[in-house]
Amino acid sequence: MNQKQAKELVRSRLSDKRYEHTLNVRKMAVKLAKRHGADEDRAALAALLHDAAKEISKDEMRAIMKAHPEYAEGGEERPTPVWHGICAAILARTEWGVEDEAVLSAIACHTAGKPGMSKLDKILYLADMSSAERDWPGVNKLRKLERKDLDAAMLMALKQTNDFVLSQDKPLDPMSKAAYDDIQAQVEARAAKP
Ligand SMILES: [Fe+2]
Ligand SMILES: [Fe+2]
């Protein structure tokens, strides 16, 4: 699937508002890919598809994960907000002809992150949080930080998301905490190097 096909697909699956968000995420993901030396085409494709399963029902999402347990990453046991990324990655792989594992990974983990995130995973996660229409307090700080340092930006973004989830008394996906701890450990290890 190329970018043009992905764009047509999501146009047919998403509301105007979410389609606009998707295009903004693509723009930001390409910008970050350019800046940090990642593949721009992969970043664009992952961004276009990241929310492609966001407007289907929970029952449908559950059915998709049940049908493909090998790709569902135990998704059913995880909080429902992360389901749409997992499902978009499963549909991309099984129905939309996306074979690129790097793209599929970025789509699947765009909501919660995971330990061992690749550069592309981080770029999509950050682009989703800092796309042009986002206006949460601190988003400008994140935009500045992500231009300079993907890991520092990831720590800020994950902390922001995790604190928000906890403040709402919602369950925190253990993957999010694991993602944070993993990046934190890497940053500390780098800082400790002589
Ligand atoms: Fe999403
Ligand atoms: Fe999104």
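The entries below go through metal sites, cavity and rings.

**Ground rules.** I am working on a predicted model, where local features need pLDDT of at least 70, side-chain atom pairs count only at pLDDT 80 or more, and totals for chains, interfaces and linings use all residues. Residues are numbered from 1 along each chain as its sequence is written, chains are lettered from A and ligands numbered from 1 in the order written, and side-chain values use heavy atoms, with hydrogens and water left out.

**Iron, ligand 1.** I found Asp-51 (OD), His-84 (NE2) and His-110 (NE2) coordinating this iron ion (ligand 1) at 2.1 Å. Donors here are N, O and S atoms within 2.8 Å of the metal (3.2 Å for Na, K and Ca); water is not among the atoms, so sites may look incomplete. The sequence spacing of the donor residues reads D-x32-H-x25-H.

**Iron, ligand 2.** His-21 (NE2), His-50 (NE2), Asp-51 (OD) and Asp-128 (OD) coordinate the iron ion (ligand 2), at 2.2 to 2.3 Å. I noted the spacing H-x28-H-D-x76-D for its donor residues.

**The bridge.** Which residue bridges the two iron ions? Asp-51 does, and the ions lie 3.5 Å apart. I also checked burial: both His-50 and Asp-51 are buried, meaning under 20% relative accessible area with a 1.4 Å probe on protein chains only.

**Cavity.** A cavity is a set of points on a 1 Å grid over the protein atoms alone where a 1.4 Å probe fits but cannot get out, and lining residues have an atom within 4 Å of a point. Among the lining residues are Glu-73, Arg-78, Cys-109, Lys-114 and Met-175.

**Rings.** I looked for charges over rings, which requires NZ of Lys or CZ of Arg within 6 Å of the ring centre and within 35 degrees of the ring normal. Arg-11 sits over the face of Tyr-19 at 4.4 Å from the ring centre, and Arg-93 over that of Tyr-71 at 4.0 Å.

Terms used:
1 Å grid on protein atoms, 1.4 Å probe; cavity = no way out; pocket = protein on both sides within 12 Å on 5 of 7 lines; lining within 4 Å. Buried < 20%, exposed > 50% of the residue type's maximum accessible area, 1.4 Å probe, protein only.
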